[in-house]
Amino acid sequence: MTLWAIVPIKPLRRGKSRLSQVLSEEEREILNQTLLIHTLQVLSSVPEIDQNVMVSYDPAALSLARDYGFRTIQENKRTTINKALRKGTLAAKAFKATSVLIIPADLPFLSVKAVSEMISRSKGAPEIIIAPDRKNDGTNALLVNPVGVLDYDFGEWSFKKHIEQAERKKISVEIFISDDLSFDLDYPEDYEYLKKSGVLEELLAAKR
C-alpha cells in the first residue's frame, strides 16, 4: 500500500471563526498556525505515510508545509473542503498512490501513535477506516483504500454520510475510536477545555 496523507486547511486568518467571541483575529491566526505546525510535525513523523500533501489557498500555510517536506497544492479562493480534497486526491492518484488518509489541521491531541494505529487497521481494499469526533457527527480522520473509491462528503453529519455511502458501495467500514483523534477545536468551550488541559501551552511552547 502506498499511502498519501492529505491535509486541507483554510487561510490561517479565516479559520476558527466560531472562536471570535473569545479570541481576536490575530489570536485565532496564531492558534491556527500552532495547530497546523503540530499537524505537520506529527504527520511528517509517521513512518507508514509515504507522502504528505497540503491543499490550501493560503501562501503562508503552504510555505510552512514545504518546510516539513510536504507537497503543496494551491487552491482557489472560493474552494470548499470537498473540492480541495478531490484536488489532493487526483494528485495522489497521478503519483500512483493506492490509498489516502485525510487529516484536518485542528486536532490538538493528534499523535504519531494514533495515526499509526489507525493505518494498521487496514485489511485490504475496498475499505474505509474512519475516526469520528466526540459527538459521532464529524469525520476527524478518514483512510480511503483504494484512492477514489469514496466521494468526500465533509460537512454536517459527515461521519454518518461517509459510512452510509460506503455501505451502499459495498465498501468495508472500520470505525476507529481514539481520544487523540476525537477532539477537534470548534467552539469556545473546546478552547477552554484545551487551555485547562495544558496541551495548548505545550503546543505554543513547541512552536517557538
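Me: Which side chain is joined to Asp186 by a polar contact?

Reply: The side chain of Lys16, at 3.5 Å. A polar contact here is a pair of N or O atoms within 3.5 Å; within protein, one must be able to donate a hydrogen and the other to accept it, and residues adjacent in sequence count only if both atoms are side-chain atoms. Keep in mind that this is a predicted model, where local features need pLDDT of at least 70 and side-chain atom pairs count only at pLDDT 80 or more, while totals for chains, interfaces and linings use all residues. Residues are numbered from 1 along each chain as its sequence is written, and side-chain values use heavy atoms, with hydrogens and water left out.

Me: Thanks. Where does Asp186 lie?

Reply: Asp186 is in the loop between α6 and α7 (188–197). Helices (H or I, at least four residues) and strands (E, at least two) are DSSP runs numbered from the N terminus. Leaving aside neighbours within four places in sequence, Asp186 is in contact (heavy atoms within 4.5 Å) with Lys16, Arg18, Leu19 and Asp106.

Me: And which residues are linked with Asp186 in a network of salt bridges?

Reply: Lys16, Arg18 and Asp106 belong to that network along with Asp186. A salt bridge means a side-chain nitrogen of Lys or Arg within 4 Å of a carboxyl oxygen of Asp or Glu. One of the links is Lys16 to Asp106, at 2.7 Å from N to O. That pair connects distant parts of the chain: Lys16 sits in the loop between β1 and α1, and Asp106 in the loop between β4 and α4, 90 residues apart.

Me: Are Lys16 and Asp106 buried or exposed?

Reply: Both are buried. The cut-offs are under 20% relative accessible area for buried, over 50% for exposed, and partly exposed in between (1.4 Å probe, protein chains only).

Me: How many salt bridges does the structure hold?

Reply: 12. Another one joins Asp190 and Arg134, whose closest N and O atoms are 3.0 Å apart. Asp190 lies in helix α7 and Arg134 in the loop between β5 and β6, so this pair ties together parts 56 residues apart in sequence. With a relative accessible area of 7%, Asp190 is buried, whereas Arg134 is partly exposed at 44%.

Me: New topic, the sheet. In what order do the strands come?

Reply: The open sheet has 7 strands in the order β3-β2-β1-β4-β6-β5-β7, with mixed pairing. Two strands pair if DSSP finds at least two bridges between them. β3 (71–74) and β7 (172–175) are at the edges with a single partner strand each, so one side of each has no neighbour in the sheet. From one strand to the next, the twist averages 20°.

Me: What about β5, how many of its residues are buried?

Reply: 6 of the 6 residues of β5 (residues 127–132) are buried, so the strand is largely enclosed by the rest of the structure. Glu127, Ile129 and Ala131 point one way, while Ile128, Ile130 and Pro132 point the other. β5 runs antiparallel to β6, with 6 bridges, and parallel to β7, with 4 bridges. Ile128 stands opposite Val144 in β6 and opposite Val173 in β7.

Me: Which helix lies across β1 and β2?

Reply: Helix α3 (residues 81–94), which also lies across β3 and β4 and runs at about 150° to β1. Axes are lines fitted to C-alpha atoms, for helices over the stretch in contact, and angles run from 0 to 180 degrees between N-to-C directions.

Me: Last one: how many residues are in the largest nonpolar core?

Reply: 33, and Met118 is among those with the most contacts inside it. A nonpolar core is a set of buried Ala, Val, Leu, Ile, Met, Phe, Trp, Tyr and Cys residues joined through side-chain atoms within 4.5 Å. α1 gives the most to this core, with 5 residues. A second, separate core of 24 residues includes Leu150, Tyr152, Phe154 and Phe159.

Me: What does Met118 contact, leaving aside neighbours within four places in sequence?

Reply: Its contacts include Leu101, Ile129, Leu142, Phe176 and Leu181. Met118 is one of the buried residues of helix α4 (residues 112–120), and what covers those buried residues includes β1, α1 (25–43) and α6 (179–182).
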